Amino acid sequence: MEVTINNIRKEFDRFPALNDVSLNIASGELIALLGPSGSGKTTLLRLIAGLDFPTSGKIFFGDQDASHHSVQERNVGFVFQHYALFRHMTVAENIGFGLKVRPAASRPPKTEIRRRVSELLDMVQLGGLEKRYPNQLSGGQRQRVALARAMAIEPRILLLDEPFGALDAKVRKELRRWLREFHDRTGHTTVFVTHDQEEALELADRVVVMSQGKIEQVGSADDVYDRPGSPFVFSFIGESSQLPVEVREGTMLFQGQPIGIAEAGDGAGELFFRPEDVALVDAPDALFGKVTACRRLAGTRIAEIDIANEGHAPYHVEVEVPLHAPIELGSETRFRPTRWKVFRK
Amino acid sequence: MIHNATASPAKWRLKQPSIIPGFGLTLGFSLAYLSLIILIPVAGLLWRTAGLGWSGFFAVLTDRRTLDALYISFGTAFLAALVNVVFGTVVAWVLTRYNFPGRRLIDAIVDLPFALPTAVAGIALAALYAPNGWVGSLFMPFRIAFTPLGIVVALVFIGLPFVVRTVQPVMEELDREVEEAAATLGANRFQTISQVILPGLTPAILTGFALAFARGVGEYGSVIFIAGNIPYVSEIAPLLIVIRLEEFNYAGATAIATIMLIISFVMLFIINLIQAWNRRRYGNV
C-alpha cells in the first residue's frame with residue numbers, strides 16, 4: 001500500500017510537534033524514521049496509524065484520503081516499543097484478538113482463526129508457545145508476538161515504534177536481521193521509528209532523517225551518509241567535526257589562514273568533515289592542533305585533536321589515522337580534509 | 001494475602017535465609033498484635049458459644065428470626081457490594097481518565113464515608129429517603145427507607161470508597177498503549193473495555209467487592225436508622241445480636257456472631273481462592 005503524506009502539521013497545546021511534513025512511501029518499501037527525541041518521528045508514525053489526528057494536512061492510503069478515518073478503519077499493523085501485549089491473554093489469544101473482534105459478517109470461524117494463529121506463530125518462530133502468557137516470555141519473544149498480532153489482521157501497512165528499543169544489544173541485532181528477512185518475505189510496506197542510526201542505515205531501503213518537527217533529508221543509507229543535505233544530518237549521522245571557515249577567492253581560510261583546500265563561492269560557512277576523510281600532511285597551509293587523546297577503534301585509530309582558539313575553548317576535531325602513523329600525545333599534527341562540505345551561513 | 005507461588009520450597013523452614021534482618025522480631029510482633037486484637041476476642045467468642053452446646057447452637061441457628069436476620073444482612077451486603085462494583089468502577093474511571101474542574105474535590109468526597117460517623121450517615125440517608133424525604137417522596141408509593149432496600153442504600157454509601165480506592169490505583173497504572181493496540185487491531189471501544197481493560201481490573205474489582213461486602217455485613221450504625229428494624233423483614237443480624245445482649249442472652253448473641261463469623265470467613269476465603277486462581281492463570285500478574 002502506497003502512503004502519501006501531504007503538508008502535515010501537528011500541534012500539541014500550540015506547540016508544533018510536526019511542521020509541514022510531506023513524504024511519499026512506496027508500496028513494499030521499508031522506511032526508517034530517524035531522529036533524536038522530540039524530533040516528531042513517533043508523532044508522524046501515530047498520525048499515519050490514526051492514533052492521533054493532524055492539525056492540518058492530509059494522509060492518503062493509495063489514492064484514498066484516510067485523514068479522517070479512525071484507527072480501526074485504517075487497518076494498520078502497529079507494534080509498540082513496550083509490546084503492549086494483553087497480559088491476561090495467552091499468546092494465541094493475543095494473536096487472534098484482531099480476528100476475534102471483527103464484526104460477525106467478516107469474522108473467520110474459530111478453527112480458521114486457530115489455523116491462522118499457528119501459521120503466524122510459525123512465521124515468527126514461536127511455534128509451541130500458544131498457551132504461554134506474555135509474562136512467561138522473554139523480551140524478544142514478546143516483540144515477535146506483538147508483530148504476529150499486528151500481522152494477523154492482514155494490515156495494509158506495518159508501523160513499528162522503536163521496535164527494538166527495549167531489547168538488549170544482542171537480541172536487537174538478531175531481530176533486526178530477522179525483520180529484514182521477514183519484510184523481504186512478506187513484502188509489506190513497513191515504516192519503523194528509531195533513534196539508532198546504525199539500525200536505520202542497516203535495515204531501511206530509505207531513511208527519513210527528522211529534527212525539530214521537520215524532515216531534514218530523505219534518502220538511501222548512502223545518500224544520507226555520503227551526501228548529507230544539512231548541517232544537522234551531517235552531524236547526526238556518523239561521526240563528524242565542524243569548524244567555522246571563510247571562503248575567499250576560491251581558497252578556504254580558517255582563522256584567517258589558508259588551509260590548502262579549494263572551494264568555490266565566497267563567504268562565511270561551516271566546514272564539515274568525517275574522521276575517515278582526513279589526510280595527515282606536512283605542509284604549512286593545513287589545519288593543525290595538539291593531539292589530546294588516541295583511541296583504538298577496530299582496524300583504525302582515532303586521534304582527538306584540539307585546535308587552539310584564542311580566548312575561547314579550543315575546537316575539537318576527530319581524525320582517523322593509520323595504525324602505524326607516528327602520532328604522539330601532545331604532539332602537533334597537521335592535516336587536511338580530503339572530502340568535506342561547507343554549509344553557508 | 002500471602003503470595004509465594006514462584007519458589008515452592010519442599011519443606012517448611014522456620015527461618016529462611018534472607019538479607020533482610022528482623023524476621024523474628026517482626027513476626028513475633030505481628031503474632032502478638034494479631035492475638036491481642038483479633039485471635040483472643042474471636043476465641044472468647046467461640047468459647048462463649050460453646051457454652052450453648054450443639055443443640056442450643058442449632059436452636060439459635062434454626063430460629064426463624066435469626067435466619068431472616070442473616071439473610072437480610074448477607075443479602076443486602078451482597079447487593080450493595082454488587083452495586084458498588086459497578087458504581088465504584090465508574091467513579092474510579094472518571095477520576096483517573098478525565099481532568100475536569102472539581103476533580104480533586106470529588107476525589108476527596110469519595111473518602112467521606114470512611115470518616116463520617118456512620119450514625120450521621122444513617123440519619124441523613126433516612127431523612128432523605130423516607131417517604132416524606134426529598135428523594136423518598138419522588139418514589140412514592142414505592143418505599144425505600146424502612147425496607148431492605150433502604151439497608152442497601154446505606155451499605156452502598158458505606159462501601160463505595162472501598163471499591164474506588166482499590167480499583168483506582170490499578171486503573172492509573174493501566175498502559176494506554178494496550179488500549180491503542182486493541183484499537184489498531186480493529187476493536188471498538190466496547191470490545192476494548194470489555195475484553196482488554198476489565199479483565200485486567202478484575203483482581204482489583206474483586207478485592208474491592210470483598211472489602212465492601214465484608215464492611216457491609218458488619219455495618220451497624222448507619223443501617224439501624226434507615227432499616228426500620230422490623231423483625232423478619234428489615235432486621236439485620238448485628239442488630240439482633242444487640243437485642244440478644246440487651247435481653248442478657250449472651251450465649252444467644254455470641255451464637256449469632258459465630259454464625260456470621262463462619263459465613264464471612266468462608267465467603268472471603270472463596271474470594272481469595274478466586275484471586276489466587278486468577279493470578280496463576282495470568283502468570284503472576
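Leaving aside neighbours within four places in sequence, Ala32(A) is in contact with Phe192(A), Thr194(A), Ala200(A), Leu203(A), Ala204(A), Val207(A) and Val208(A). This is a predicted model. Together with Leu159(A) and Val208(A), Ala32(A) has the most contacts inside the largest nonpolar core, which has 99 residues. Helix 5 of chain A supplies the largest share of this core, seven residues. The core also draws on two domains of chain A: at least three residues come from each of domain 1 (3-236) and domain 2 (241-344).

Now take chain A as a whole. Chain A has nine helices and 20 strands. Its C-alpha trace spans about 80 × 45 × 35 Å along the principal axes. Of its 345 residues, 41% count as buried. Consider the contacts in chain A with a separation of 6 or more: residues 24 or more positions apart account for 65% of them.

Next comes a sheet. Six strands of chain A form an open sheet with mixed pairing, in the order 6-7-8-3-9-10. Strand 6 (76-79) and strand 10 (214-219) of chain A stand at the edges. Each has a single partner strand, so one side of each is left without a neighbour in the sheet. On average, neighbouring strands of this sheet are turned by 20 degrees against each other, direction ignored.

Strands of a sheet pair through backbone hydrogen bonds, either parallel or antiparallel. Strand 9 (residues 206-211) of chain A pairs with strand 10 of chain A in the antiparallel sense, over five bridges. Within this region, Met210(A) stands opposite Ile215(A) in strand 10 of chain A.

Helix 5 (residues 139-152) of chain A lies across strand 6 and strand 7 (157-161) of chain A. The helix runs at about 170 degrees to strand 6 of chain A.

Val91(A) sits in helix 3 (residues 91-100) of chain A. Why does Val91(A) count as buried? Its C-beta atom has 26 others within 10 Å, and 20 or more make a residue buried. Beyond four places in sequence, Val91(A) touches Leu126(A), Leu129(A), Glu130(A), Arg132(A) and Val145(A). Asn75(A) is 16 residues away from Val91(A) along the chain. Their C-alpha atoms are separated by 21 Å.

The partner chain comes next. Which elements of chain B give two or more residues to the side that touches chain A? In total, 19 residues of chain B are in contact with 21 residues of chain A. The elements in question are helix 9 (176-184) and helix 10 (189-218) of chain B. Helix 9 of chain B gives the most to this side, with six residues.

Last, confidence. The predictor gives the complex an ipTM of 0.83 and a pTM of 0.79. Chain B averages a pLDDT of 88, and 92% of its residues score at least 70. One stretch calls for care. Over residues 1-8 of chain B, pLDDT stays under 50. For these residues the model has five contacts beyond four places in sequence. Where pLDDT is low, the predicted coordinates should not be read in detail.

Terms used: Residues are numbered from 1 along each chain as its sequence is written. Chains are lettered from A and ligands numbered from 1 in the order in which they are written. This is a predicted model: local features need pLDDT of at least 70, side-chain atom pairs count only at pLDDT 80 or more; totals for chains, interfaces and linings use all residues. Helices (H or I, at least four residues) and strands (E, at least two) are DSSP runs, numbered from the N terminus. A residue is buried if 20 or more other C-beta atoms lie within 10 Å of its own, exposed if 12 or fewer, and partly exposed in between; C-beta atoms are placed from the backbone. Two residues are in contact if their C-beta atoms, placed from the backbone, lie within 7 Å. pLDDT is the predictor's confidence in each residue, from 0 to 100. Two strands pair if DSSP finds at least two bridges between them. Axes are lines fitted to C-alpha atoms, for helices over the stretch in contact, and angles run from 0 to 180 degrees between N-to-C directions. A nonpolar core is a set of buried Ala, Val, Leu, Ile, Met, Phe, Trp, Tyr and Cys residues joined through C-beta atoms within 7 Å. Domain bounds come from an automatic or database domain assignment.
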